[in-house]
Amino acid sequence: MRALARALLAGLACASLACSAAPAAASKAPAPPAVTEAPLRAHLAFLADDLLEGRGTGQRGGDLAVRYLETQAAALGLQPAANGGYRQKVEMVGQKTLPASTLRFEAGGRELAVRFGQEAVFGNASGRTATRIDAPLLFVGYGIDAPSERWNDFQDVDVKGKLLVAMVNDPQPTAAEPERFGGKSLTWHGRWTYKFEEALRQGAAGILLIHTTESASYPWSVPVNSFSHEQFHLAGAGNALQGWISEDFARTLFAAAGQDLDRLRAQAEVRGLRPVDLRAAAHADVKSAVRNVVQYNVAGIVPGSDPRLREEAVIYSAHWDHLGIDADNGKPDHIWNGAIDNASGSAALLAMAQAAVAHPAKRTQIFLWPCAEEQGLLGSLAYVRAPLWPLAKTAADLNLDSMNFVGRTRDIGVAGAERSSLLETSAAVAKSMGLALAAPTPDLGGAYFRADHFSFAKAGVPAFNVGSAVFSGDGKFDFEHDHAHAGGHGSADRMRAFTKDYHQVSDQYDPAWDLSGMVQQAQFTLNLGYAVANAPAMPSWKAGQAYGAVKR
């Protein structure tokens, strides 16, 4: 594979030079160019190769990925987007919980010590190498303060200096309030990232979330893998302790404190819950390896052809990072290659850029590869805090993450587009390609808040993730081809089966993959981007959308 990687580097650089043709006339709005499979597959194979060691944040493999992306951007003819170069600096702090760290509880005369990775995973985001916490425990229901929903799980209680225990997800709909907190769909208030942020705003000593596969939408192995690696946050204040406890341990802890977890969960569904003193204490001694890290977003530009509209831009984004390499864990395979998540999206953006450079649209097009998405959308968050293009003149962000690798479809997923006029534009583009929009379904896993487009949405830019086939619940995938494989399962089964590879070392590139669906997904995204870039006006948020009120 390393020989293949070296050959790809040379071949792609040479092949891509052919795409630097003269730009189209400014008066024209050409049809979107064609995305082809060969460069997409080559980029995917390289980015997912062992040579890049899982493209980890703060690791050598991540540096190689950035170097590859900026080299390819230059070879393709993209113009530099960041002060004469393709890199945007993102300063962050890396923290890894060391084995000497301990967490124990005192409740009902019992002492309960947790085993890291089995009953709990935890760390700190304070930037300190040693953190000692001795704090009382409070159960705060869902840990939400949402005035728009008339909901406050912290009301009348000062939680400063307390360690909070909260549920993930958000309050469920009722017969009286069928649409509260998005109805069946998960809202931003249900995401673990929101709860960590809210605990910090409330001045708590920290927060532990009770994990269930149903409420989190992923198994216990996902937070275990995450907290077993180095974690990152942008420079600044953070929780002294944050993490997860397993449901079984939570039951044991609450029972020792004389509380019934199920009864408290039921109470948390009713507006008006006040924090519950568990009459228990937490004692944490967190030892951390801490370092300052500089990572980079990569960005390149295709300038617009219209003298006026070229001052506005459409962004295509796909994060380049994954979980990296862990050479000391004793496993046979210690590289999290992240082929689907998200070498697929990164490769697709390169293939799309190769098609776009010789065919400018009226508005400028920006191809953006954010860093540190797996660490909490840090690269895209850093971008919107210091945008390379004014947000007020950014028409939309179209994101690609974990793409289709099993064949062409008759529909395309656009969950989140309904929040803005991008839905109508998506419908027109899909119709022109002979596609239907996948039927809308409740966003049970909160997919809209889990990818880089959400950073843009929070900053007021219409944005969504295109065709996220695996996790977003975009609707059924009606496959045109049902290629048989070992075990007799078809394409739809294999797409669903990827959930077992999500954030596992088994997310590896397979040369046998049918990438026709990935090309189709990339083509739809590029076609949509051109439709937005050539339209008389920029997209707008639908009435009642909170992000539409955000000043860009």
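1. Start with Arg180 and Glu269: in this predicted model, their side chains meet in a salt bridge, N to O at 3.6 Å. The term here covers a side-chain nitrogen of Lys or Arg within 4 Å of a carboxyl oxygen of Asp or Glu. This pair ties together distant parts of the chain, 89 residues apart: Arg180 sits in the loop between strand 9 (163-167) and helix 4 (192-202), and Glu269 in the loop between helix 8 (261-268) and strand 13 (276-302). Helices (H or I, at least four residues) and strands (E, at least two) are DSSP runs, numbered from the N terminus. Arg180 is buried at 5% relative accessibility, while Glu269 comes out partly exposed at 22%. For those labels, buried is under 20% relative accessible area, exposed is over 50%, and partly exposed is in between (1.4 Å probe, protein chains only).

2. A network of salt bridges links Arg150, Glu177, Arg180, Glu269 and Arg271. By the same rule the count comes to 23 salt bridges. As background, side chains of opposite charge can pair when their charged atoms come close.

3. On bookkeeping: residues are numbered from 1 along each chain as its sequence is written, and side-chain values use heavy atoms, with hydrogens and water left out. Since this is a prediction, local features need pLDDT of at least 70 and side-chain atom pairs count only at pLDDT 80 or more, whereas totals for chains, interfaces and linings use all residues.

4. Arg67 and Glu70 make another salt bridge, with the closest N and O atoms 3.0 Å apart. Both belong to helix 3 (residues 60-76), and because they are 3 residues apart there, about one helical turn separates them. Arg67 is partly exposed at 47% relative accessibility; Glu70 is buried at 11%.

5. Then there's Arg104 with Glu111, whose closest N and O atoms are 3.2 Å apart in a salt bridge. Arg104 counts as partly exposed, at 26% relative accessibility, and Glu111 as exposed, with a relative accessible area of 52%.

6. A few backbone spots to look at. Most residues other than glycine have a negative phi, and most peptide bonds are trans. Asp341 and Asn342 are joined by a cis peptide bond, with omega about 0°, and Asn342 is in helix 9 (residues 339-356).

7. Two non-glycine residues have positive phi. Arg279, in strand 13, has phi near 50° and is exposed at 72% relative accessibility. Ala372 has phi of about 55°, lies in the loop between strand 17 (364-369) and helix 10 (378-385), and is buried with a relative accessible area of 1%.

8. Grid points are joined across faces, edges and corners, and a volume is the space filled by probe spheres set on the points. The largest cavity holds about 70 Å³. Its lining has 13 residues, with Gly190, Arg191, Ser215, Ala216 and Tyr218 nearest the centre; lining residues have an atom within 4 Å of a point. That lining divides into 7 nonpolar, 5 polar and 1 charged, counting Ala, Val, Leu, Ile, Met, Phe, Trp, Tyr, Cys and Pro as nonpolar, Asp, Glu, Lys and Arg as charged, and the others, Gly among them, as polar.

Conventions: 1 Å grid on protein atoms, 1.4 Å probe; cavity = no way out; pocket = protein on both sides within 12 Å on 5 of 7 lines; lining within 4 Å.
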